[in-house]
Amino acid sequence: MTTLTDKIALVTGAGKKTGIGYAMARKFAGHGAHVVIADLGTTDNFNADVGTGTSEEMEMIAGELASEFKVRTLAVNLDVTDSGLVQEMAGAVKEKFGRVDILCNNAGATFGVPNGVHTYDEEAWTRTVDVNLHGVFRVSKAIVPLMQEKGGAIINTASRAGKVPPLFNGAYAVSKAGVIMLTKVMARELSGLKIRVNAICPGQIMTDLERWRFGLEAQFLNTTVEEQERKMCETIPLGRIGSPDEVADMAVFLASGASSYVTGQALNICGGQLMEL
Ligand code: NAI
């Protein structure tokens, strides 16, 4: 079994049990890592149909993982668009653990959809890019100093949408394409510090975000959620939507010594929906 015993793992957007971030944090803890659960902590000003990691849920998750896997945990409120909060979070992590070995930049969102580029609300566009792309920059900048001494692994959650243009979700697609390039830039720049940097590009994974998207599409196309899901599955060679746990398994691989010669890659996990040479 892959071991992450006594590694310190920080996962952003991990405060919601239905999400990919939680699945990552849980798998890391299951492999022996101490975990930091970082998430918004509030639902204010957020898309209520998708929801966020609230302080209560984050504390519950931290408590459950600590008692189930006998690891140390920390729940921290973090808005990746707020440099001050990012710094505070890094300070709290340094105080409790002294360093970070694994950073998962997983927090993500989309605002202002569905809209074509020519009708997109500017504030919604900027906010989407600020969370998804600049958030990865801010958190990485604050955490790399905590990785410097021993090296480590950074895993950025990008998206299939960063490689194949979706319809009417342009800010998200552009931000995720940016995350892929940022991953490659960081992989080159940080190789001397023995920090590997890779991106995961999920296709269709069943989370609140995905359920909401199916709902929007059904409304837009005047059909049902079930029909949208069925049509989507027809485009996936493995014929089904993926689970957060399956994405988390890839994160464990990228965080562990099993991927010691892998850096600067953007790995697809999409049931074969995207096949590249
Ligand atoms: P989710 O909505 O369940 O999780 C996103 C998490 O990010 C939430 O816990 C939310 O509170 C947090 N978050 C949002 N804005 C934040 C901010 N400003 N600061 C800190 N945390 C913030 O959605 P899901 O599906 O688990 O998404 C996780 C990642 O996977 C995201 O980056 C998403 O873009 C990406 N992704 C998801 C796919 C899917 O099919 N579900 C497909 C491709 C990529």
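## Ground rules

The model is predicted, so local features need pLDDT of at least 70 and side-chain atom pairs count only at pLDDT 80 or more, while totals for chains, interfaces and linings use all residues. Residues are numbered from 1 along each chain as its sequence is written, and side-chain values use heavy atoms, with hydrogens and water left out.

## Overall shape

The chain's secondary structure comes to eight helices and seven strands; these are DSSP runs numbered from the N terminus, with helices being H or I of at least four residues and strands E of at least two. Along the principal axes, the C-alpha atoms fill a box of roughly 55 × 45 × 35 Å.

Of the 277 residues, 53% count as buried (buried is under 20% relative accessible area, exposed over 50%, partly exposed in between, with a 1.4 Å probe and protein chains only). Among contacts with a separation of 6 or more, 73% come from residues 24 or more positions apart; contact means heavy atoms within 4.5 Å.

## H4 against H5

Two packed helices are described by the angle and the distance between their axes. For H4 (residues 122-147) and H5 (residues 170-190), the axes come within 7 Å and cross at roughly 20° (axes are lines fitted to C-alpha atoms, for helices over the stretch in contact, and angles run from 0 to 180 degrees between N-to-C directions). That makes H4 roughly parallel to H5 (angles under 35 degrees; over 145 is roughly antiparallel, 65 to 115 roughly perpendicular, the rest oblique).

The H4 side of the contact includes Trp 125, Leu 133 and Phe 137, and the H5 side includes Tyr 172, Leu 182 and Met 186. By class, the contact residues divide into 13 nonpolar, six polar and one charged (Ala, Val, Leu, Ile, Met, Phe, Trp, Tyr, Cys and Pro are nonpolar; Asp, Glu, Lys and Arg charged; the others, Gly among them, polar).

## H1 against H2

The axes of H1 (residues 20-30) and H2 (residues 55-69) come within 10 Å and cross at roughly 25°, so H1 and H2 are roughly parallel to each other. Tyr 22, Ala 25, Arg 26, Ala 29 and Gly 30 in H1 meet Ile 61, Leu 65, Glu 68 and Phe 69 in H2. That contact has six nonpolar, one polar and two charged residues.

## Two loop residues

Gly 264 sits in the loop between H8 (244-255) and S7 (266-269), and is buried at 11% relative accessible area. Setting aside neighbours within four places in sequence, Gly 264 touches Lys 184, Ala 187, Val 197 and Asn 198.

Arg 99, in the loop between H3 (83-97) and S4 (102-105), is partly exposed at 23%. Leu 146 is 47 residues away from Arg 99 in sequence but 4.7 Å away in space, C-alpha to C-alpha. With neighbours within four places left out, the contacts of Arg 99 include Asp 6, Val 93 and Lys 150.

Most residues other than glycine have a negative phi, and most peptide bonds are trans. Here a cis bond joins Val 113 and Pro 114, with omega about -5°; Pro 114 is in the loop between S4 and H4.

Asp 6 has a positive phi of about 65° and is partly exposed at 45% relative accessibility. Lys 194, in the loop between H5 and S6 (195-202), has a positive phi of about 60° and counts as exposed at 64%.
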